[in-house]
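Colleague: I've never looked at this one before. Could you walk me through it?

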Amino acid sequence: MPAPAAKPVLDVLAGQRQANPPVWMMRQAGRYLSEYRELRAKAGGFLDLVFNAELSAEITLQPIRRFGFDAAIIFSDLPLIPHALGRHVRYETGEGPRLEPLDTPAAIDAMQTRVDPSVIAPTCEALRIVKRELDARTTLLGFCGAPWTVATYMVAGQGTPDQVPARLFAYRYPDAFARLIDILADAAIDFLVAQLDAGADAVQLFDTWAGALPSAGFAKWVTAPAQKIVAGVRAKRPGAKIIGFPRGAASNLPAFVDATSVDAVSIDWTAEPSLIRERVQNKVAVQGNLDPMALLAGGDALDRAVDDVLTNFSGGRFIFNLGHGITQDTPIANVERMVKRVRAFKG
Ligand code: CP3
């Protein structure tokens, strides 16, 4: 049997620096692609895509075909977890998720505590389909929302500026909030294990709103649950590769890395490069951190920003990515320009 082809993203997660860093983009499957918009218009709503394994698989593969990224991230969304816990989610056209607000301790006490497997089944089936179709060097990523970020949507019933409703709730009802976070951490463990079993090579834990918390809150609602999730997943699937994304962690990041034992962290564009190199990349792989606005701007500004990211982090274990998801008005030509420049880099 020939040795299996190397997967550059997985190799970086395993600790091997690549002279030419692998590249993929957060939110690479989505509305900036005309082929996505076409499928979505045919399917009806966003959830009709998420709950259809064939369509989810097709959407996952669209950006791989177009740009040849080194990782495919399964098409799904963060509020799948509340949905699987019986808190039904809907999407208004062109907007984010809407849920029934979970805004009293009594409502949390009455909550379903285990994931309904039938809700996550289509995502797992989509992973199996993609795994069959993906070439051997492309890493397949699963993901789920981290407890704090998912809780911000559950408490408020939608995305909110500065995550005010969840922050207030956590101060007013710390015990009830801790129960919610615990339920979400257990749900994340179940969902991530199911995705690994369905063929994901690695998984990413998205804590998009981690930066809204003070340091003590960050330790309690971001780091501690991530630690529990990583340990819980690895207890069931030893050696599972896990990327953390506590967006906006700033100087809380080194402690997050030490406590959680993630294999890599995704960093946003505000991260200070020397702090990352000296106190994060010396321990784990780093992924990031092009400003999505540089990608939207394109041209020379994009080239300079790509070069900055490469100069800052390519000396260590590094996966080129954005600091947050691509925005829907980004021109395809700018993505092509970014990929070409990263591919041409010799570190
Ligand atoms: O390509 C990929 O990265 C895989 C799929 C993916 C989606 N959402 C698809 C999606 C992933 C990894 C996410 C993560 C996600 N979803 C996050 C964390 C990362 C981040 O970008 O902040 C968050 C906070 C959400 C919640 C969410 N879902 C919002 C706020 C919105 C609406 C606004 C927006 O940016 O689109 C969504 C909808 C959503 N999730 C779409 C897609 C392709 C658009 C739905 C549509 O077709 O209208």
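This is a predicted model: local features need pLDDT of at least 70, side-chain atom pairs count only at pLDDT 80 or more; totals for chains, interfaces and linings use all residues.

Colleague: Asp162 isn't a glycine, yet it has a positive phi. Is Asp162 buried or exposed?

Modeller: Most residues other than glycine have a negative phi. Asp162 has a phi of about 60 degrees, and its place is the loop between helix H8 (147–156) and helix H9 (164–172). Its relative accessible area is 54%, and anything over 50% counts as exposed. So Asp162 is exposed.

Colleague: And Gln163, buried or exposed?

Modeller: Gln163 has a positive phi too, about 55 degrees, and lies in the loop between H8 and H9. Its relative accessibility is 6%, and the cut-off for buried is under 20%. So Gln163 counts as buried.

Colleague: What about the helices? At what angle do H9 and H10 pack?

Modeller: Two packed helices are described by the angle between their axes and the distance between the axes. On the H9 side, Ala166, Phe169, Ala170, Tyr171 and Arg172 meet Pro174, Ala176 and Phe177 in H10. By class, that contact has seven nonpolar, no polar and one charged residues. The axes of H9 and helix H10 (residues 174–197) are 5 Å apart, at an angle of about 120 degrees.

Colleague: Now the open spaces. What is the volume of the largest pocket?

Modeller: Its lining takes in 42 residues, with Arg27, Arg31, Asp77, Gly96 and Pro97 nearest the centre. Helix H2 (34–43), strand S3 (97–99), H8 and helix H14 (292–297) are the elements that each give two or more residues to that lining. By class, the lining holds 21 nonpolar, 13 polar and eight charged residues. The volume of the largest pocket is about 1100 Å³.

Colleague: Which element gives the most to the lining of the second largest pocket?

Modeller: This pocket has a volume of about 160 Å³, and its lining includes Trp148, Arg167, Leu213 and Trp221. H9 and helix H11 (215–236) are the elements giving two or more residues to that lining. The lining divides into eight nonpolar, one polar and two charged residues. With four residues, the element that gives the most is H11.

Colleague: Which element has the largest share in the lining of the largest cavity?

Modeller: Among the residues lining the largest cavity are Ala146, Leu205, Val222 and Phe256. Strand S5 (202–207), H11 and strand S6 (242–246) each give two or more residues. By class, the lining has nine nonpolar, no polar and one charged. The largest share, three residues, comes from H11.

Colleague: Last one: how many nonpolar residues are in the lining of the second largest cavity?

Modeller: That lining consists of Leu47, Val50, Asp77, Pro79, Leu80, His83, Val89 and Tyr91. Helix H3 (46–50), helix H5 (80–84) and strand S2 (89–91) each supply at least two of its residues. Next to one polar and one charged residue, the nonpolar ones number six.

Key:
Residues are numbered from 1 along each chain as its sequence is written. Side-chain values use heavy atoms; hydrogens and water are left out. Buried means under 20% relative accessible area, exposed over 50%, partly exposed in between (1.4 Å probe, protein chains only). On a 1 Å grid over the protein atoms alone, a cavity is a set of points where a 1.4 Å probe fits but cannot get out, and a pocket is an open set with protein on both sides within 12 Å along at least five of seven lines; lining residues have an atom within 4 Å of a point. Grid points are joined across faces, edges and corners, and a volume is the space filled by probe spheres set on the points. Ala, Val, Leu, Ile, Met, Phe, Trp, Tyr, Cys and Pro count as nonpolar, Asp, Glu, Lys and Arg as charged, and the others, Gly among them, as polar. Axes are lines fitted to C-alpha atoms, for helices over the stretch in contact, and angles run from 0 to 180 degrees between N-to-C directions. Contact means heavy atoms within 4.5 Å.
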